[in-house]
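Work through the exercises below with the coordinates open. Try each task before reading its solution.

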Amino acid sequence: MYTQGLNIAAGDKTIPIEAAAGPEAKRFQERVDREEKIEPKDWMPEGYRKTLVRQISQHAHSEVVGMLPEGNWITRAPTLRRKMVLLAKVQDEGGHGLYLYSAAETLGVSRAELIDQLLSGKAKYSSIFNYPTTSWADIGAIGWLVDGAAIMNQVALCRCSYGPYARAMVRICKEESFHQRQGYEIMIALARGTSAQRRMAQDALDRWWWPSLMMFGPSDKESLHSAQSMRWKIKRQSNDELRQRFIDVTVPQAEFIGLKVPDPALSWNAARGSYDFGAIDWTEFNEVLAGNGPCNRERLAARRKAHEDGAWVRAAALAHAEKARARAMKKAG
């Protein structure tokens, strides 16, 4: 899930999250309850629109920033096949950002504005991408755990009430499923390799497990406006429900390849049919989200540099488009 920073802070008055009153709002909610898709030109409450802009844009930012932890391993991947697969994955993430920025633009916000918010530090992106990738096993852990956690949320987003977002998520989920399998394949190879490779795989799991659980966002009792987002069917499942499902699916996968989840409190609860697990360090989560993670500054600096380095490309594309428009007008005239 790449949108865990979207729980609006207490006291934030910029998003009128409460349901709007009046006949239009009533008809809107009735449409949502009937599972009808809301389209860009349809009437919608301002809180609905702003919540979507925030969620979709931060999802897009996360896809783009998420290219960085893995991109620096493309040249260091152990085989040509691994390089090709990782290159394809990083390219996919760039495409996901494109789809999502395009979906956000249908809500009346420009892509340039959204990117400026990211580069200025005003907009958030998923905290998970502020951790370093120190070994090849980290690439496996990201695919298996991070993309696996993302899929848990994103499959539900395919049924989001806002049409452009829901449709973008269909293709994204298919590609994320490939990313998750790619990561798990790496972890299987390492776990079944030499003792050094097994230690590398276990170390990666140890470091990425808890940040992956944090991706689902604060506990439901701390998530201030989840209930309204679920009434609007922007969200379909709560943070805690998604986190529990991820744990229940992922723990057996770790056991299958002989790795141990780094949680002494982890145990199977037969009465619930789910795993009980230990307390999450939300202090770490809040620190990373506030910009104090291991790689926050590095990630933003890389994005700013890439934006500056690409200025000439954007200028050239605009100039080309203007010339093409002028030629078309001259031909038509």
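**After helix α10**

Just after α10, Gly-258 has a positive phi of about 80 degrees. Note that the model is a predicted one.

**Exercise 1. Check the span of α10 against its residue count.**

Step 1: α10 covers residues 239-256, which makes 18 residues.
Step 2: The expected span is 1.5 Å times one less than the number of residues. For α10 that gives 26 Å.
Step 3: The end C-alpha atoms of α10 are 26 Å apart, so the expectation and the model agree.

**Exercise 2. Find the buried residues of α10 and what covers them.**

Step 1: Apply the cut-off: buried means under 20% relative accessible area.
Step 2: The residues of α10 that pass are Asn-239, Leu-242, Arg-243, Gln-244, Phe-246, Ile-247, Asp-248, Thr-250, Val-251 and Ala-254.
Step 3: Their cover includes the helices α6, α8, α9 and α11, along with strand β2.

**Exercise 3. Describe how α6 and α8 pack.**

Step 1: Take the axes. They come within 9 Å and cross at roughly 35 degrees.
Step 2: Assign the hand. The crossing of α6 past α8 is right-handed.
Step 3: List the contacts. From α6, residues including Trp-136, Ile-142, Trp-144 and Leu-145 take part. The α8 side includes Met-200, Leu-205, Trp-208 and Trp-209.
Step 4: Sort the contact residues of α6 and α8 by type: 14 nonpolar, 1 polar and 2 charged.

Methods. Residues are numbered from 1 along each chain as its sequence is written. This is a predicted model: local features need pLDDT of at least 70, side-chain atom pairs count only at pLDDT 80 or more; totals for chains, interfaces and linings use all residues. Side-chain values use heavy atoms; hydrogens and water are left out. Helices (H or I, at least four residues) and strands (E, at least two) are DSSP runs, numbered from the N terminus. Buried means under 20% relative accessible area, exposed over 50%, partly exposed in between (1.4 Å probe, protein chains only). Contact means heavy atoms within 4.5 Å. Axes are lines fitted to C-alpha atoms, for helices over the stretch in contact, and angles run from 0 to 180 degrees between N-to-C directions. A crossing is left-handed if the near helix is turned anticlockwise from the far one by less than a right angle, and right-handed if clockwise. Ala, Val, Leu, Ile, Met, Phe, Trp, Tyr, Cys and Pro count as nonpolar, Asp, Glu, Lys and Arg as charged, and the others, Gly among them, as polar.
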